[in-house]
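Dear colleague,

Please find below the structure that I am handing over to you.

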Amino acid sequence: MSNRLKLSSTLVFYWETGRLVCEDYLRRERFAVSPQVLGLLGKFASPLGLKTLPDGERKRAQELQKMGLLVAAGPNQAEPLKGWHWGP
């Protein structure tokens, strides 16, 4: 696993029947998440090294990476929607 991660660009968050849902619309996967997870995910709006996090957050970030909510950051990482044209 990469040590520098960023927030996946294909996530949407919304409330559904009182639960916070994170949906990866490209992979068509949905996860129920706690609102506290948003704070940790927000730290990865820009690439961030795992070593900068306290142990508990680092472990949780690795779990989020396995779920696909955080992805490896780097110059060779493809942007999944690059070249996608929205509209006519």
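This is a predicted model: local features need pLDDT of at least 70, side-chain atom pairs count only at pLDDT 80 or more; totals for chains, interfaces and linings use all residues.

I begin with the two hairpins. Strand S2, residues 11-16, pairs with strand S3, residues 19-24, in the antiparallel sense, and six bridges are found between them. Within this pairing, Phe 13 lies opposite Cys 22 of S3. Two residues separate S2 from S3 in the hairpin, and Thr 17 in that turn has a positive phi of about 45°.

S3 also pairs with strand S4, residues 29-33, again in the antiparallel sense, here over five bridges. Asp 24 is placed opposite Glu 29 of S4. The hairpin formed by S3 and S4 has four residues between the strands, and its turn contains Arg 28, with a positive phi of about 60°.

I turn next to the open sheet. Three strands make it up, in the order S5-S1-S6, with antiparallel pairing. The edges are taken by strand S5 (48-49) and strand S6 (70-72); each has a single partner strand, and therefore one side of each is left without a neighbour in the sheet. Strand S1, residues 4-7, is joined to S5 by two bridges, the two strands running antiparallel.

Gly 68 deserves a separate paragraph. This residue sits in the loop that connects helix H2 (55-67) with S6. Is Gly 68 buried or exposed? Its relative accessibility is 12%, and because buried means under 20%, Gly 68 counts as buried. Leaving aside residues up to four places away in sequence, Gly 68 touches Ser 8, Asp 24 and Arg 27.

The last item is helix H1, which spans residues 35-42 and has Val 37, Leu 40 and Leu 41 as buried residues. Viewed down the axis of H1, the buried residues fall within an arc of 100°, so they line one face of the helix. Which elements cover these buried residues of H1? The cover includes strands S1, S2, S4 and S6, together with helix H2.

With kind regards

Conventions: Residues are numbered from 1 along each chain as its sequence is written. Side-chain values use heavy atoms; hydrogens and water are left out. Two strands pair if DSSP finds at least two bridges between them. Buried means under 20% relative accessible area, exposed over 50%, partly exposed in between (1.4 Å probe, protein chains only). Contact means heavy atoms within 4.5 Å. The arc is that of the directions from the helix axis to the C-beta atoms.
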